[in-house]
Amino acid sequence: MDPTTDNAGNTGDAGTARASLEALRAEIAKAVVGQDPAVTGLVVALLCRGHVLLEGVPGVAKTLLVRALASALELGTKRVQFTPDLMPSDVTGSLVYDTRTAEFSFQEGPVFTNLLLADEINRTPPKTQSSLLEAMEERQVTVDGTPRPLPEPFLVAATQNPVEYEGTYPLPEAQLDRFLLKLTIPLPSRQDEIDVLTRHASGFNPRDLRAAGVRPVAGPADLEAARAAVAKTTVSPEITAYVVDICRATRESPSLTLGVSPRGATALLATSRAWAWLTGRDYVIPDDVKALALPTLRHRVQLRPEAEMEGVTADSVINAILTHVPVPR
């Protein structure tokens, strides 16, 4: 591939792309404290052309994280607060009558961006949820029979609150399966929380990322070069079989009523390749699969009610499976 240069001045060859994407962590840390795993997950999703479900209580910087990532990648971003009265057209856009021309013209909705933050997606009815998930899957919006492609790259970071379910419309398993990753955003450690308060006491404004020093360190050309390199990352037959064995084990687990589908197995293979490339290798090893198994699979399984009552979690089931499935050598 011939190197290309984006607006941030970054060449688009694979080596430079990896260095630029690695620099994202330090750049985003200027605005967000202690969320390296979530940053890595979002980059993996961008490399795989997938979408992310962020789960965390309010106030743990989910919005700031997405905005900082967009600034560091020089990508457009928009935020939609999902509510029970939100209509599909409020997300995708609609035809608007222009009195000057006496014609209908299409007015783009907020989905026409690079990074869309869908805040509290489980607070809107299934019809509106489906309109967004259709855009995620097809990467286009069809209005009045006319398909309208979404920008590239395009990533949806949808959030949901894990502790408040009153007045919500939980995503069904078939729709959860459309998300590449489910990332949990934990409360910060004591030291991280001290760092957050110290920054605010020093005048940090989360709405002014430029003042915080966040600058573009990568761009669309780097993403394209990185995606091409990830596609060339070697996967041995043994690793492929390992991924399949992990996913098949979830279907046989006595703690689960629903295991991982073949789509989930494909997703785990894709995220493992992206992680292998990010860590500097052009081949996948079992540790790559283990590293991405939880965020890739945890939302694709369903616990039995009796297991849930006993305190079993999706993460604990997957960890147990990773312990028992033979690792290729």
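Two strands pair if DSSP finds at least two bridges between them. Strands are DSSP runs of E with at least two residues, helices are runs of H or I with at least four, and both are numbered from the N terminus.

The model is predicted, so local features need pLDDT of at least 70 and side-chain atom pairs count only at pLDDT 80 or more, while totals for chains, interfaces and linings use all residues. Residues are numbered from 1 along each chain as its sequence is written, and side-chain values use heavy atoms, with hydrogens and water left out.

**Exercise 1.** Describe how strands β6 and β7 are joined.

*Solution.* Step 1: β6 covers residues 140-143 and β7 residues 146-149; the two run antiparallel and four bridges join them. Step 2: V143 has T146 of β7 as its bridge partner. Step 3: two residues lie between the strands, which form a hairpin, and D144 in the turn has a positive phi of about 55°.

**Exercise 2.** Classify R263 and D177 by accessibility.

*Solution.* Step 1: buried means under 20% relative accessible area, exposed over 50%, and partly exposed in between (1.4 Å probe, protein chains only). Step 2: R263, at 37%, is partly exposed, whereas D177, at 10%, is buried.
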